[in-house]
Amino acid sequence: MIIKTENLTKHYQKVTSSGLLHKKTKTVQAVQNVSLQVEQGQRVGLVGLNGSGKSTLIKLILGILQPSSGNVATFGVEPITHRQQNARKIGVVFGQRSQLRWDLPAMDTFKLNREIYQVAQSDFQARLAKLTRMLAAEDFLTQPVRTLSLGQRMKAEFIAALLHDPELLILDEPTIGLDTLSKNSIVQFLKSLTSKTIIFTSHDLDEVEQVCSRIMIMNQGHLVLDQNSSELVKFAVPSTITFTSKQVSYDELKSSWPNVRQLVNGDFEIAKIKPEQVKDILSKLTATVPIENITVKNNRLEYLLAHISGGKAHEI
Amino acid sequence: MKYRLTLTKMGLKKGLASKYALIFWLFSALISFAVQYFLWQAVLVGRPLAEFRQTISYLVLMQLLTTVFPKVSYDLNDKVRTGDIALDLLKPFSVEEQLFWEGVGYAVAKFALIGIVEFIIYLWLLNFQVSLLTILFIIVTAALAYVLYFELELILGTFSFYTYSIWGISTFKEAVLLILAGNIFPANFYPVVLKAIASYLPFEYSFGAVGLLAQAPTWQLFGQVITIQLLYILLFYYLSRLLLKHSITVTVIQGG
């Protein structure tokens, strides 16, 4: 077993307001009684809205935060006291942090990591060539990091995290801020890493489902769902269609689409559409209404959070 | 060991990457030197020329040390504020070791671009009449002073875990150094009491003691200075590790 937690809890004091002489604090329950186990080779998606406790849980597992109560074991040992020992087996990518030196090329960080993790020169060269090819990163690794786009920088972060061939790969919102193309390229890359144990946190459930076979959802510090992604994908989530049409009025639309409502920016919205109805409604809408722009959304995460009980998703 | 060398090389490259900033630093140092030169010429008017040369060369040496010595407290503060400390903590080596070796490389870059000019000015002020033994004394005590100053900065940097900005604390450190380290004002001019107090505190052994040894290079003084430097390094080494360990345990990395 790679990770085991039992009733893991982390709370801390947060300053809510401060003046010259006074300071008001409140206790934030970042992680509450989380018990989980991750086996070798599993790909676990840890999903939740902002502030749900995903990153705090990751840091407790990595041993860079001290739990308030409960137990955590990473590679069978307590992670704070064995942090440096565990570090050799772990690769980390934090979407909002960087291990690359801003004013130096990414290649310098790779060479440093080769020394830090004592990777043989031949292994280093082979892995670097493979990762560079997989991520199409040949063109920018010798440029200073400050000149790279976010997408290029994240690719370099992935190479830096994987050069020592870690057993466990921890990805904390690695696609945050990336455009769709860069995001897809990272997701495809992650799908190809079949031999690694992966923990992938994000607030984008669809993205995590493409990579992970097991999904955990966190909400307000609690682990509220732990389910196979194949089960979760069966869960029917209603969709919302939003469209722009300047040639028809709200009253005209309302007569043939009773569920439509007008948004403050003038667009129209039809909400709570069952999955099996989406295709029909789209066809009918595009055939009868002159539409300039249309989007279909389903906020699966928010919907699931509202319909989870007993660690399983249930349709109401 | 090789990883330490690689870190040092990275520090050196970082320094050279910001070479234009360092060149402007050199110009500032030269302007500061000119001001000090004329100021001390006015202060020591009517005194023997040798005394003036001793004083001004001492101050140039102090300026050299100030240039080269690391500013680890700011580096650590930056890492804690941005949360990048999390990634350093996840390396199989200690944060302090990473900071130290990268800092050594950066110091070498600063010496190559600024320090060497200041050292030539130092030698010129003494008519290049400096013995090899004196240079050896300076190198050894300056190296130990560097390590001692690094430990002091590391201790200061641990405040970053408890306060958003260490700017105020750092300004206080500068004030303490101004009075007790002898890097702006030669210790010889101190009142007797202050001189006695300073001689027991660690600050003088990061700066002033190197200058005093350069002025009176005897084996006895050399032995005395390096003994005190080593004792303080040992003390602050354990103190800084203890503080850092405690700080990391209580910290909450920014952003979750």
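Residues are numbered from 1 along each chain as its sequence is written, and chains are lettered from A and ligands numbered from 1 in the order in which they are written. Because the model is predicted, local features need pLDDT of at least 70 and side-chain atom pairs count only at pLDDT 80 or more, whereas totals for chains, interfaces and linings use all residues.

**View 1. Chain A as a whole.** Chain A holds eleven helices and 15 strands; helices (H or I, at least four residues) and strands (E, at least two) are DSSP runs, numbered from the N terminus. The C-alpha trace of chain A spans about 70 × 50 × 50 Å along its principal axes. Of its 316 residues, 37% count as buried. A residue is buried if 20 or more other C-beta atoms lie within 10 Å of its own, exposed if 12 or fewer, and partly exposed in between, with C-beta atoms placed from the backbone. Among contacts in chain A with a separation of 6 or more, 70% are between residues 24 or more positions apart; a contact requires C-beta atoms, placed from the backbone, to lie within 7 Å. Chain A is divided into domain 1 (38-67 + 77-234) and domain 2 (239-298), with bounds from an automatic or database domain assignment. The centres of domain 1 and domain 2 of chain A, taken over C-alpha atoms, are separated by 39 Å.

**View 2. The six-stranded open sheet of chain A.** The strand order in this sheet of chain A is 5-6-7-3-8-9, and the pairing is mixed. Two strands pair if DSSP finds at least two bridges between them. Strand 5 (90-94) and strand 9 (222-228) of chain A are the edge strands, each pairing on one side only. From one strand to the next, the twist averages 15°. Strand 5 of chain A pairs with strand 6 (residues 168-172) of chain A in the parallel sense, over five bridges. Within this pair, A:Val92 has A:Ile170 of strand 6 as its bridge partner. Helix 5 (residues 150-162) of chain A packs on the sheet and touches strand 5 and strand 6 of chain A. The direction of helix 5 of chain A makes about 165° with that of strand 5 of chain A; axes are lines fitted to C-alpha atoms, for helices over the stretch in contact, and angles run from 0 to 180 degrees between N-to-C directions.

**View 3. Strand 3 of chain A and its two partners.** Six of the six residues of strand 3 (residues 43-48) of chain A are buried, so this strand is largely enclosed by the rest of the structure. A:Arg43, A:Gly45 and A:Val47 point one way from strand 3 of chain A, and A:Val44, A:Leu46 and A:Gly48 point the other way. In a regular strand, side chains alternate between the two faces of the sheet. Strand 3 of chain A pairs in the parallel sense with strand 7 (residues 197-202) of chain A over five bridges, and A:Val44 stands opposite A:Ile199 there. Strand 3 of chain A also runs parallel to strand 8 (residues 214-219) of chain A, to which five bridges join it. The bridge partner of A:Val44 in strand 8 of chain A is A:Arg214.

View 4. A:Asn33 lies in strand 2 (residues 23-38) of chain A and is partly exposed, with 15 other C-beta atoms within 10 Å. Not counting residues up to four places away in sequence, A:Asn33 touches A:Asn7, A:Thr9 and A:Gly70. A:Ala73 is found in strand 4 (residues 69-74) of chain A and counts as partly exposed, with 17 C-beta neighbours inside 10 Å. Leaving aside neighbours within four places in sequence, A:Ala73 is in contact with A:Lys4 and A:Glu78. A:Ala73 and A:Ile3 are 70 residues apart along the chain, and their C-alpha atoms are separated by 5.8 Å.

**View 5. Helix 7 and helix 10 of chain B.** The axes of helix 7 (residues 132-157) and helix 10 (residues 208-215) of chain B come within 9 Å and cross at roughly 170°. The two helices of chain B are therefore roughly antiparallel to each other, a term for angles over 145 degrees, where under 35 counts as roughly parallel, 65 to 115 as roughly perpendicular and the rest as oblique. Residues making the contact include B:Phe137 and B:Ile138 of helix 7 and B:Val210 and B:Leu213 of helix 10. The contact residues divide into eight nonpolar, two polar and no charged. Ala, Val, Leu, Ile, Met, Phe, Trp, Tyr, Cys and Pro count as nonpolar, Asp, Glu, Lys and Arg as charged, and the others, Gly among them, as polar.

Conventions
Contact = placed C-beta atoms within 7 Å.
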